[in-house]
Amino acid sequence: QVQLVESGGGLVQAGGSLRLSCAASGRTFASYTMNWFRQAPGKEREFVAAIRWSGGTIYYADSAKGRFTISRDTAKNTVYLEMNNLKPEDTAVYLCAAGSGISLGGMDYWGKGTLVTVSS
């Protein structure tokens, strides 16, 4: 059974930092791109960042460039999202997903998400 389990969310003040983790299990993800999406209340789910499991090619949304860093630990089967200089508009449920690329519609597996709340 494939599982993606996110952790690391919480409440943080504006300007603060959080590190999210996504523990992947149940299959090999060597051919997958691991993604972070987020969904704020009343808004559509949006792409944040992605990393190819093999090779490590990285992609960022404009909103994440310069503040967020995605990485992976292949030995631990875990993907991370380091978020710095957080803003209230970063408040959302952050979801880990695995797919063939970075398109929302192309995800094969989803986690349940972890809530990030940034206070002003």
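These exercises, each with a worked solution, concern a predicted model of one protein chain.

**Exercise 1. Describe the secondary structure and overall dimensions of the chain.**

Start with the elements: the chain has zero helices and eleven strands. Read from the N terminus, the order is β-β-β-β-β-β-β-β-β-β-β.

Next, take the box. Along the principal axes, the C-alpha atoms fill roughly 40 × 25 × 25 Å.

Then compare the radius of gyration with the globule rule. A compact globule of 120 residues would have a value near 14 Å, and the chain has 13 Å, so the two agree.

Finally, look at burial and contacts. Of the 120 residues, 42% are buried. The chain exposes about 6,000 Å², with carbon and sulfur atoms supplying 47% of that area. Among contacts between residues at least 6 apart in sequence, 54% join residues at least 24 apart.

**Exercise 2. Find the disulfide and state which strands it links.**

A search of the whole structure gives one disulfide. Its partners are C22 and C96, with sulfur atoms 2.1 Å apart; the cut-off for a disulfide is 2.5 Å.

Now place the two cysteines. C22 belongs to strand β3 (residues 18-25) and C96 to strand β9 (residues 92-99); they are 74 residues apart, so the pair links distant parts of the chain.

Last, determine the handedness. The torsion about the S-S bond of C22 and C96 is about -75°, which means that the disulfide is left-handed.

**Exercise 3. Identify the nonpolar cores and the residues at the centre of the contact counts.**

Begin with the largest nonpolar core, which holds 28 residues. Within this core, M34, W36, L81, M83 and Y94 touch the most other members. Strands that each supply at least two residues of the core are β3, β4, β5 (46-52), β7 (68-73), β8 (78-83), β9 and β11 (114-119).

Take M83 as an example. Leaving out residues up to four places away in sequence, M83 touches G16, S17, L18, L20, R67, F68, Y94 and V116.

Then look for another core. A second, separate one has six residues, including F47, A50, A61 and A97.

**Exercise 4. Is T33 buried or exposed, and what does T33 touch?**

First locate T33: this residue is in strand β4 (residues 33-39).

Second, apply the burial cut-off. T33 has a relative accessible area of 1%, and buried means under 20%, so T33 is buried.

Third, list the neighbours. Not counting residues up to four places away in sequence, T33 touches A50, I51, R52, A97, A98, G99, S100, G101 and I102.

Fourth, single out one of these neighbours. The side chains of T33 and R52 are joined by a polar contact of 3.3 Å.

Methods: Residues are numbered from 1 along each chain as its sequence is written. This is a predicted model: local features need pLDDT of at least 70, side-chain atom pairs count only at pLDDT 80 or more; totals for chains, interfaces and linings use all residues. Side-chain values use heavy atoms; hydrogens and water are left out. Helices (H or I, at least four residues) and strands (E, at least two) are DSSP runs, numbered from the N terminus. Buried means under 20% relative accessible area, exposed over 50%, partly exposed in between (1.4 Å probe, protein chains only). A polar contact is a pair of N or O atoms within 3.5 Å; within protein, one must be able to donate a hydrogen and the other to accept it, and residues adjacent in sequence count only if both atoms are side-chain atoms. Contact means heavy atoms within 4.5 Å. A nonpolar core is a set of buried Ala, Val, Leu, Ile, Met, Phe, Trp, Tyr and Cys residues joined through side-chain atoms within 4.5 Å. The radius of gyration is taken over C-alpha atoms; the globule rule is 2.2 Å times the number of residues to the power 0.38. Accessible areas come from the Shrake-Rupley method with a 1.4 Å probe; for residues, only the protein chains shown count as cover.
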